[in-house]
Amino acid sequence: MKVSEAVGRALCAAGVDQVFGVVGSGNFHVTNAMIAAGARFVAARHEGGAATMADAYARTSGEVAVVSVHQGPGLTNAMTGIAEAAKSRTPLIVLAAEVTEPRSNFYVDQEALAHAVGAAAVRVTSAEEAVEQTCAAVRLAVRERRTVLLNLPLPVQASEVPEGALAQAAPPAPRAAVEPDAAEVTALAELLGRSRRPVFVAGRGAREPGGGEALAALAERYGALLATSAVARGLFHGDPWSLDVSGGFASPLAVELIQGADLIVGWGCALNMWTMRHGHLIGAEATVVQVDDDPSALGAHRPVHLGVTGDVRLTARRLSGKAGEPREGYRTPQTAAALAARLRWHDVPYEDTGTRERIDPRTLGIALDEILPAERVVGVDSGNFMGYPTMYLSVPDEKGFCFTQAFQSIGLGLATTIGAALARPDRLPVAALGDGGALMSAVELDTVRRLGLPIVVVVYDDEAYGAEVHHFGPDGHPLDTVSFPPTDIAAVGRGYGFEAVTVRTRADLKAVADWVAGPRSAPLLIDAKVVADQGAWWLEEAFRGH
């Protein structure tokens, strides 16, 4: 058996059963070996899309995925998606063929590329060690929550592995949960015992199995309100004491209540400038605590009064064991009444600025939330529009929302939704894109149609890179470089085999309701011509973070 086949089979034996990619000569044999061993392969039209699909699949399924690419340009094409995955600590294997001859047109320092964006790098160096090195890459991805580049040099691929080499390939042991220090747990229990208005903010680390349930139970004991970072949205869906998202997307009531907290506890959450609005959500007298299983994360973005190193679920359970009688805390009748009346963005009054030619994105979001089935998985691209689908489209749980924004690149939303859709085939996929990101990634519309996904692609079309328009426009800067002539994006969708509708008013959404009620035999693209009269409410904060 040649190394190329052994590596592919070893990846499957190590527990990987989903691979995305664009196949060229260098990764042809190893990709086919994975397919032969039982992996499902999804061919993307661009390596950048393949990387993001794999990232989203891994986030949504909780399983390691592989993206397979050609040497050199195949890897460089995928780098934006790889950077997003690495910054998000997604356990992912980037399987890349590699040339070793510097005079080759395909030569590039692939290991340096990985390190430049925060990914780890492993190289298959010999036939004798190929299987072990492959399994080591998977172990690294799982145990350290890393995106790992597995370089597979061309000269090594054709070598013969020793007989029986695959016998050592096996899935890695699960990542061990970090037991919190007893003294730190006691200190946090004392703070919770004194708090009258505690708020829990759950992040990516709370999405681990059992994390949300443990936090909800602990919050009930201490009377804490519940919120999430954007990436953990949906974790407390349906809980009457949930504030939904904390940060730039937070509703006015959520902002008011978080600012009124006397204790804020971040659970597997960075408490960064986005989640805490550059600190504006932290009241002057509030105590701030951070719980994370990575000690280097504690206080990385802001000073904390107490840092607890430990797994979210284990720490919450240890605290529940120390809790006395349930406390009212922040869960007063007044808070309950306010949450019931005005928590959702749907309930916040606004002046509809739509015309006969353009629809207000808030009106669009409210209507789509009513029309589309509640069991959905939503992927959101980046841009001025992004808060509207994020806050107006509800999701059933944390597996219903995929937010690839650690690198803030536009153009990832469609591939994000494809990957998430494959991980949750029981739900309606909804991709929310700006016109810039939609046209940048339009090639993957072909992938949607080829896979037969019943996806809804919603394009918030303001004919511009809206963030730049609203940031630079008020100062009188020329905007020709970020504004574009009208494009019939619905026609683009039809060209790829989609059903498509152009939406200018709420009445135009009847076609969407008809599609939902019908057989959904083709995916649907909604070209929503949205008003462009003002920047979104989170825009100024976003630019402050650059």
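Modeller: By class, 15 nonpolar, eight polar and five charged residues make up the lining of the second largest pocket. This is a predicted model. The lining has 28 residues in total, and those nearest the pocket centre are His 237, Ser 242, Asp 244, Leu 343 and Arg 344. The space inside comes to about 480 Å³. Strand S9 makes the greatest contribution to the lining, with four residues; S9 and H12 each provide at least two.

Both of these elements also turn up around helix H10. In H10, which spans residues 252-259, the buried residues are Leu 253, Ala 254, Val 255, Leu 257 and Ile 258. Their cover includes strand S9 (242-245) and helix H12 (333-342), along with strands S7 (198-202), S8 (225-228) and S10 (263-267).

Now the aromatic side chains. Across the whole structure there are seven aromatic pairs. In one of them, the ring centres of Trp 345 and Tyr 392 are 6.4 Å apart and the planes meet at 45°, so this pair counts as tilted. Trp 345 sits in the loop between H12 and helix H13 (361-371), while Tyr 392 belongs to helix H14 (residues 387-392); the two are 47 residues apart, and the pair links distant parts of the chain. Trp 345 and Tyr 392 are both buried.

Elsewhere, Phe 249, Phe 401 and Phe 403 are joined into a cluster by ring pairs. One member, Phe 401, also has Arg 233 over its face, 5.7 Å from the ring centre.

Terms used:
Residues numbered from 1 in each chain as written. Predicted model: local features only at pLDDT ≥ 70, side-chain atom pairs only at ≥ 80, totals over all residues. Heavy atoms only, no water. Buried < 20%, exposed > 50% of the residue type's maximum accessible area, 1.4 Å probe, protein only. Contact = heavy atoms within 4.5 Å. 1 Å grid on protein atoms, 1.4 Å probe; cavity = no way out; pocket = protein on both sides within 12 Å on 5 of 7 lines; lining within 4 Å. Points joined across faces, edges and corners; volume = space filled by probe spheres on them. Nonpolar A, V, L, I, M, F, W, Y, C, P; charged D, E, K, R; others polar. Phe/Tyr/Trp six-rings, centres within 6.5 Å; stacked < 30°, edge-to-face > 60°. Lys NZ or Arg CZ within 6 Å of the ring centre and 35° of its normal.
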